[in-house]
Amino acid sequence: MYTYGLEADFWWGLLLLVAIFSLLLFAFGTVARKWWRVKRGKILTNTYVNERHKKIDWFLRSLSIFSILAGFAINSTRPPSEWYWFLQPWFIVLFFLFIGEIVRAFMQYKYAENHNAYKVTISNTVFAIILYVTLATTNFWGLM
């Protein structure tokens, strides 16, 4: 049975995939925080270590938006078969998320009250990268 051109099971598979991915990230983060005795921060908020960290983070956000717009402008002048993969929005977003987490870990290492906070940030980032790579290489864990 088809729903507006897509298989009806696609949406259930996508929901299951997002739920599993989120649960794995949450569980790993919880274990890492307990392991290194780091207090849990607020959920879905930006917690800046200091004012310098806030300025760098906002600079990276602005640069990522500019990069997405510039990538769109460059790729829109080329045929779709010749688009640059590194100017695709998904790549730019993942790249700047990674850079933002590295900056956060560095700031936590240098300035945070709990010196183990950077270890949690790095371990969460590495675990998320491993999950993304396994998703891409295993056809979304066989769910899609």
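Mentor: Happy to; let's take the ground rules, then the pockets, salt bridges, rings and backbone.

Trainee: What kind of model is it, and what do the values rest on?

Mentor: This is a predicted model, where local features need pLDDT of at least 70, side-chain atom pairs count only at pLDDT 80 or more, and totals for chains, interfaces and linings use all residues. Residues are numbered from 1 along each chain as its sequence is written, and side-chain values use heavy atoms, with hydrogens and water left out.

Trainee: Pockets, then. What volume does the largest pocket have?

Mentor: The largest pocket comes to about 2,000 Å³. A pocket here is an open set of points on a 1 Å grid over the protein atoms alone, where a 1.4 Å probe fits, with protein on both sides within 12 Å along at least five of seven lines; lining residues have an atom within 4 Å of a point. Points are joined across faces, edges and corners, and the volume is the space filled by probe spheres set on them.

Trainee: How many residues line the largest pocket, and which lie nearest its centre?

Mentor: The lining has 45 residues, and Glu101, Arg104, Thr121, Asn124 and Thr125 lie nearest the centre.

Trainee: Which helices supply that lining?

Mentor: At least two residues each come from α1 (8-35), α3 (89-111) and α4 (117-137). The largest share is from α4, with twelve residues. Helices are DSSP runs (H or I, at least four residues), numbered from the N terminus.

Trainee: And the lining of the largest pocket by class?

Mentor: There are 27 nonpolar, eleven polar and seven charged residues. Ala, Val, Leu, Ile, Met, Phe, Trp, Tyr, Cys and Pro count as nonpolar, Asp, Glu, Lys and Arg as charged, and the others, Gly among them, as polar.

Trainee: What about the second largest pocket: what volume does it have?

Mentor: About 270 Å³. Its lining includes Asp57, Arg61, Glu101 and Arg104. By class, that lining has four nonpolar, four polar and four charged residues.

Trainee: Why are Arg61 and Asp57 about one helical turn apart?

Mentor: Because they are four residues apart in helix α2.

Trainee: Buried or exposed, what is Asp57?

Mentor: Asp57 is buried, at 11% relative accessibility, while Arg61 is partly exposed at 29%. Buried means under 20% relative accessible area, exposed over 50%, and partly exposed in between (1.4 Å probe, protein chains only).

Trainee: Which residue does Glu101 form a salt bridge with?

Mentor: With Arg104, the closest N and O atoms being 3.6 Å apart. Both lie in helix α3, three residues apart, about one turn. Glu101 is partly exposed at 28%, and Arg104 is buried at 13%. Another salt bridge joins Arg78 and Glu82 at 3.9 Å, N to O.

Trainee: On to rings. How many aromatic pairs are there?

Mentor: The count is ten aromatic pairs. Phe10 and Trp11 are edge-to-face, because their ring centres are 4.9 Å apart and their planes are at 80°. Another edge-to-face pair is Trp85 with Phe86, 5.7 Å centre to centre with 90° between the planes. Rings of Phe, Tyr and Trp (its six-membered ring) pair if their centres lie within 6.5 Å; planes under 30 degrees apart count as stacked, over 60 as edge-to-face and the rest as tilted.

Trainee: Which residues do the ring pairs link into a cluster?

Mentor: Tyr84, Trp85, Phe86, Trp90, Phe91, Phe95 and Phe96.

Trainee: And which ring does the charged end of Arg61 sit over?

Mentor: The ring of Trp58, 4.8 Å from its centre. The rule asks for NZ of Lys or CZ of Arg within 6 Å of the ring centre and within 35 degrees of the ring normal.

Trainee: Last topic, the backbone. Where is Arg37 found?

Mentor: In the loop between α1 and α2. Most residues other than glycine have a negative phi.

Definitions and conventions:
A salt bridge is a side-chain nitrogen of Lys or Arg within 4 Å of a carboxyl oxygen of Asp or Glu.
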